[in-house]
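Here are some notes to read alongside the structure.

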Amino acid sequence: YIREGLMTEAEDSGMCCAWNGFGTCVASASQDGVLCVWDIRSANVVAKYSSGARAFRAVKFSSGPADLLAFTEHESRVHLVDSRM
């Protein structure tokens with residue numbers, strides 16, 4: 001394997017990552033409550049969400065016809081956002 005790039009935004013450990021259905025974006029959820037979505041073609045952040053002090057635990061793009069991104073916090077909160085670009 002050859003590293004093609006390095007994308008960072010969080011200050012703490014990463015918890016989960018997910019690729020969108022087209023393979024063009026990757027989302028990363030972290031322990032410090034930061035979730036970032038990168039467009040891998042440009043390595044630019046296209047969306048960034050913050051929960052304050054609450055950790056994000058899981059992230060997943062929908063596989064159906066809707067372009068949705070779901071992510072959870074460690075204290076019973078679920079976020080659902082439209083991920084169309």
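1. Setting aside neighbours within four places in sequence, Val 59 is in contact with Cys 16, Cys 17, Ala 18, Ala 27, Ala 29, Leu 35, Leu 69, Ala 70 and Phe 71. Contact here means heavy atoms within 4.5 Å. Please bear in mind that this is a predicted model, where local features need pLDDT of at least 70, side-chain atom pairs count only at pLDDT 80 or more, and totals for chains, interfaces and linings use all residues. Residues are numbered from 1 along each chain as its sequence is written, and side-chain values use heavy atoms, with hydrogens and water left out.

2. Val 59 also belongs to the largest nonpolar core, which has 13 residues. A nonpolar core is a set of buried Ala, Val, Leu, Ile, Met, Phe, Trp, Tyr and Cys residues joined through side-chain atoms within 4.5 Å. The members that touch the most others are Ala 27, Leu 35, Val 37, Val 59, Phe 61, Leu 69 and Phe 71. Two or more residues of this core come from each of strand E2 (25–30), strand E3 (34–39), strand E5 (56–61) and strand E6 (68–73). As general background, nonpolar side chains in soluble globular proteins tend to be buried together.

3. Now for the chain as a whole. How many helices and strands are there in the protein chain? There are zero helices and seven strands, and the pattern along the sequence reads β-β-β-β-β-β-β. The radius of gyration is 12 Å, close to the 12 Å that the globule rule gives for 85 residues, so the protein chain is as compact as a globular protein of that length. The radius is taken over C-alpha atoms, and the rule is 2.2 Å times the number of residues to the power 0.38. Helices (H or I, at least four residues) and strands (E, at least two) are DSSP runs, numbered from the N terminus.

4. The C-alpha trace spans about 35 × 30 × 20 Å along its principal axes. Of the 85 residues, 31% count as buried; buried means under 20% relative accessible area, exposed over 50%, and partly exposed in between (1.4 Å probe, protein chains only). Among contacts with a separation of 6 or more, 25% join residues 24 or more positions apart.

5. Cys 16 sits in strand E1 (residues 14–19) and counts as partly exposed at 24% relative accessibility. Leaving out neighbours within four places in sequence, Cys 16 is in contact with Ala 27, Ser 28, Ala 29, Arg 57, Ala 58 and Val 59. Cys 25, placed in strand E2, counts as buried at 3% relative accessibility.

6. Is Ser 51 buried or exposed? At 6% relative accessibility, Ser 51 counts as buried, and its place is in the loop between strand E4 (44–50) and E5. Leaving aside neighbours within four places in sequence, Ser 51 is in contact with Gly 33, Phe 56 and Glu 73. Gly 52 lies in the loop between E4 and E5 and is partly exposed at 49% relative accessibility. With neighbours within four places in sequence left aside, Gly 52 is in contact with Asp 32 and Gly 33. The C-alpha atoms of Gly 52 and Asp 39 are 24 Å apart.

7. Two backbone angles deserve a check. Most residues other than glycine have a negative phi. Ala 43, however, has a positive phi of about 65° although it is not a glycine. Ala 43 is in the loop between E3 and E4 and is partly exposed, with a relative accessible area of 45%. Ser 76 likewise has a positive phi of about 65°. Ser 76 lies in the loop between E6 and strand E7 (78–82) and counts as exposed at 77% relative accessibility.

8. Val 46 counts as partly exposed at 40% relative accessibility. Val 46 and Arg 77 are 31 residues apart in sequence and 23 Å apart in space, C-alpha to C-alpha.
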